[in-house]
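The following exercises are intended for a reader who meets this structure for the first time. Please work through each task before turning to its solution.

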Amino acid sequence: MATRAADTRSRRYDPAETRQRVLEAANLLFSTRGFVSTGTADIARQADVSEGSIFYHFGSKKNLLVELGRMYGERMVEAMQLPGEDLADLEPGITITRCFDYCAAHKAWETIMSGGEGAECETHFHNPEAEPFYQASRGVVLAWCEKQLGAQMARLGRTDVNIPVAASLTYAVVHDALDRAFAPGVDEAEREAIKLETIRFVRAAGGVPTEPRRPAND
């Protein structure tokens with residue numbers, strides 16, 4: 001009887017709501033218990049849906065991790081570009097600062113694969129189990145970086161920049177900076193110094209003016 005009751009719980013929600021409930025539950029449990037220590041039954045209980053609905057919507061726990069990676073990437077993009085902002089206005093001093101602020105507001109996911117406290121930031125994500133999350137997140141953020149860099153170079157009249165390569169290199173630099181800045185034992189002063197050096201480096205590499213135009217709603 002208990003199994004039958006559990007299997008009918010997802011009928012209370014429409015498919016879109018069920019899917020979102022599963023994502024939010026997995027996000028919570030992976031970040032507090034770890035990926036390995038969290039089973040699909042745990043996620044189903046947390047989301048108040050049937051376990052079968054998880055496999056229906058995502059296919060596997062690994063695929064669920066991929067979707068969480070995409071969700072993380074989308075939220076990072078939303079943090080970097082506020083509604084109504086022109087991509088060309090978003091120079092490194094703005095976007096990198098927002099990346100740092102986002103990761104400061106959301107504790108790191110460094111323990112998501114092994115257990116322990118964590119939340120929505122991919123820094124210290126070195127466990128091989130996390131690769132699906134990392135690659136999905138990277139794909140979303142890198143696609144946005146290419147669009148933003150393309151818009152910025154067009155405004156500056158630069159036609160000599162290989163946008164995909166430059167965006168990939170910029171992503172790698174900022175990712176490494178976040179990894180360093182949010183490592184255990186790094187204090188606020190050191191984190192700020194890492195952020196400022198990252199901004200300086202990325203500006204110099206891209207030929208971006210040090211006193212750029214600011215977005216109208218900043």
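**Exercise 1. A serine in a loop**

In which loop is Ser60 found?

Solution. The model is a predicted one.
- Step 1: Ser60 sits in the loop that runs between helix 4 (51–58) and helix 5 (61–80).
- Step 2: The relative accessibility of Ser60 is 22%. Because buried means under 20% and exposed means over 50%, Ser60 counts as partly exposed.
- Step 3: The side chain of Ser60 reaches the backbone nitrogen of Asn63, at 3.1 Å.
- Step 4: Thr40 is 20 residues from Ser60 in sequence, and the two C-alpha atoms are 8.5 Å apart in space.

**Exercise 2. The overall fold**

How many helices and how many strands are there in the protein? Describe the chain as a whole.

Solution. 
- Step 1: The protein has nine helices and zero strands.
- Step 2: Along the sequence, this reads as the pattern α-α-α-α-α-α-α-α-α.
- Step 3: The protein has 218 residues, of which 48% are buried.
- Step 4: Consider the contacts between residues at least 6 apart in sequence; 67% of them join residues at least 24 apart.

**Exercise 3. An aspartate with a positive phi**

Solution. 
- Step 1: Asp48 belongs to the loop between helix 3 (40–47) and helix 4.
- Step 2: As a rule, most residues other than glycine have a negative phi.
- Step 3: Asp48 is not a glycine, yet it has a positive phi of about 60°.
- Step 4: Asp48 counts as buried because its relative accessibility is 19%, and the cut-off for this class is under 20%.

**Exercise 4. The largest pocket**

Which helix gives the most to the lining of the largest pocket? Describe the pocket and its lining.

Solution. 
- Step 1: The largest pocket holds about 540 Å³ of space.
- Step 2: The pocket is lined by 35 residues, and those closest to its centre are Cys145, Thr170, Tyr171, Val174 and Val202.
- Step 3: At least two lining residues come from each of helix 5, helix 6 (92–105), helix 7 (131–156), helix 8 (163–181) and helix 9 (188–206).
- Step 4: Helix 8 gives the most, with nine residues.
- Step 5: Sorted by class, the lining consists of 25 nonpolar, seven polar and three charged residues.

**Exercise 5. Cysteines without a bond**

How many disulfides does the structure hold?

Solution. 
- Step 1: The structure holds zero disulfides.
- Step 2: For Cys99, the closest cysteine sulfur is that of Cys103, at 6.8 Å, which is too far for a bond. The cut-off is within 2.5 Å.
- Step 3: Cys145 is likewise in no disulfide, and the nearest cysteine sulfur, in Cys99, is 7.5 Å away.
- Step 4: Cys99 counts as buried because its relative accessibility is 6%. Cys145 is buried too, with a relative accessible area of 13%.

Notes: Residues are numbered from 1 along each chain as its sequence is written. This is a predicted model: local features need pLDDT of at least 70, side-chain atom pairs count only at pLDDT 80 or more; totals for chains, interfaces and linings use all residues. Side-chain values use heavy atoms; hydrogens and water are left out. Helices (H or I, at least four residues) and strands (E, at least two) are DSSP runs, numbered from the N terminus. Buried means under 20% relative accessible area, exposed over 50%, partly exposed in between (1.4 Å probe, protein chains only). A polar contact is a pair of N or O atoms within 3.5 Å; within protein, one must be able to donate a hydrogen and the other to accept it, and residues adjacent in sequence count only if both atoms are side-chain atoms. On a 1 Å grid over the protein atoms alone, a cavity is a set of points where a 1.4 Å probe fits but cannot get out, and a pocket is an open set with protein on both sides within 12 Å along at least five of seven lines; lining residues have an atom within 4 Å of a point. Grid points are joined across faces, edges and corners, and a volume is the space filled by probe spheres set on the points. Ala, Val, Leu, Ile, Met, Phe, Trp, Tyr, Cys and Pro count as nonpolar, Asp, Glu, Lys and Arg as charged, and the others, Gly among them, as polar. Contact means heavy atoms within 4.5 Å.
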